[in-house]
Amino acid sequence: MSISLISLIFLPIWINMAQIQQGGPDEKEKTTALKDLLSRIDLDELMKKDEPPLDFPDTLEGFEYAFNERGQLRHIKTGEPFVFNYREDLHRWNQKRYEALGEIITKYVYDLLEKDCNLKKISIPVDATESEPKSFIFMSEDALTNPQKLMVLIHGSGVVRAGQWARRLIINEDLDSGTQIPFIKRAVDENGSPEEHAIYVWDHFIAQSAAENVFFVAHSYGGLAFVELMIQREADVKSKVTAVALTDSVHNVWHQEAGKTIREWMREKCCNWVSSSEPLDTSVESMLPDCPRVSAGTDRHELTSWKSFPSIFKFFAEASEAKSSSQKPAVTRRSHRIKHEEL
């Protein structure tokens with residue numbers, strides 16, 4: 001609509017100029033005056049007259065867009081990719097709409113960096129006063145203490161912000177191609193195995209805590225990581241840990257080569273709530289000579305921790321009470337205990 005309006009305004013002006021240029025000096029003066037008039041016309045202002053207000057939503061939901069499971073931005077109702085030309089012949093308005101969406105995308109990526117990548121937002125300069133301008137970076141918890149590796153990601157200039165390679169890719173392609181998140185997650189994955197991570201956390205934090213009773217809840221592969229911690233720090237773990245609740249743990253004391261003293265300790269201090277259709281706490285037989293196995297009251301692996309929640313805290317309470325009275329944890333007296341020594 002605005003282009004048509006401009007055409008209508010310019011057409012008679014240029015016709016008149018063409019007619020004037022055929023005349024003498026007076027006509028040339030008029031031509032100069034018309035040129036001066038044209039130079040004062042603000043095309044942006046003319047375009048604004050026919051465009052809607054620049055009032056855009058401040059959330060993805062307001063734009064009716066969301067990221068799907070593949071990290072692709074799609075319309076909530078139609079499932080279609082982002083459309084730049086939302087309104088025909090209104091390029092300026094479409095651009096402003098795109099920029100407004102871009103600001104929301106930036107905040108969305110910041111949220112992913114903190115929640116999904118476990119990075120911390122650090123203000124810089126670190127010694128800036130209240131009146132001084134500030135910026136920020138994102139860094140991992142161990143960025144300044146990890147003695148092995150440190151990876152630094154630097155984005156380009158323009159509208160891109162921390163965590164982004166290209167805003168256009170995020171909007172038109174997906175999060176993987178447009179953000180730094182795949183690099184961050186890969187760096188985290190290569191920053192030691194889960195077993196090494198558990199040992200590091202034990203050495204630098206848990207071992208230094210003042211707690212008299214330390215309890216572990218380890219789910220799935222977390223159980224394997226705990227057994228590896230036992231193998232590497234057996235004496236320390238035995239002196240500090242009161243009880244361990246495993247939920248559908250995938251550990252294997254044979255493959256991990258856990259010694260006899262560790263297996264004996266696990267029989268006394270651990271219990272593994274496994275996926276089973278049997279009622280909660282029903283004994284489940286195992287051929288491994290380690291901790292007792294009982295039903296978590298669900299056959300869904302991912303629900304075992306939640307379904308066994310009340311039993312786990314009862315188990316911890318019994319173990320704590322037994323320790324305080326210099327007795328063995330109550331789990332050793334449970335009727336469902338399997339005496340692996342006899343197998």
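How many residues does helix α13 have, and how far does α13 reach from its first C-alpha to its last? I started with this helix. I note first that the model is predicted. Helix α13 covers residues 309-324, which makes 16 residues. I found a reach of 23 Å, close to the 22 Å expected at 1.5 Å a residue.

I then looked up which residues of α13 are buried. They are Ser311, Ile312, Phe315, Phe316, Ala319 and Ala322. Seen down the axis of α13, these buried residues fall within an arc of 140 degrees, so they line one face of the helix. On the face turned away from that buried side I listed the exposed residues Pro310, Lys314, Glu321 and Ser324.

I also checked what covers the buried residues of α13. The cover includes three strands, β5 (214-219), β6 (241-247) and β7 (270-274). It also includes two helices, α11 (260-269) and α12 (304-307).

**Entry: the whole protein**

I counted elements next. The protein has 13 helices and 8 strands. It has 343 residues, and 36% of them count as buried. The accessible surface comes to about 21,200 Å², and carbon and sulfur atoms hold 53% of that surface. Among contacts with a separation of 6 or more, I noted that 60% are between residues 24 or more positions apart.

**Entry: the cores**

Which residues touch the most other members of the largest nonpolar core? I wrote down Leu73, Leu101, Ile105 and Leu113, out of 27 residues in this core. The elements that give two or more residues to it are β1 (65-67), α4 (91-115), α5 (167-172) and α7 (181-189). Helix α4 gives the most, with 10 residues. Apart from this core lies another, of 20 residues, including Ile199, Leu229, Val237 and Val241.

I went back to Leu73 and left aside its neighbours within four places in sequence. Leu73 is in contact with Leu60, Tyr65, Ala66, Phe67, Glu80, Pro81, Phe82, Leu101, Ile170 and Ile171. One of these, Leu101, is also on the list of core residues that touch the most other members.

Is Gln72 buried or exposed? I found Gln72 in the loop between β1 and β2 (73-75). Its relative accessibility is 18%, and buried means under 20%, so Gln72 counts as buried. With neighbours within four places in sequence left aside, Gln72 is in contact with Ala66, Phe67, Glu173 and Asp174. Ala66 and Phe67 are on the contact list of Leu73 too.

Definitions and conventions:
Residues numbered from 1 in each chain as written. Predicted model: local features only at pLDDT ≥ 70, side-chain atom pairs only at ≥ 80, totals over all residues. Heavy atoms only, no water. Core = buried A, V, L, I, M, F, W, Y, C linked by side-chain atoms within 4.5 Å. Buried < 20%, exposed > 50% of the residue type's maximum accessible area, 1.4 Å probe, protein only. Helix = DSSP H or I, 4+ residues; strand = E, 2+ residues; numbered from the N terminus. Contact = heavy atoms within 4.5 Å. Areas by Shrake-Rupley, 256 points an atom, 1.4 Å probe, with all protein chains shown as cover. Expected span 1.5 Å × (residues − 1). Arc of directions from axis to C-beta.
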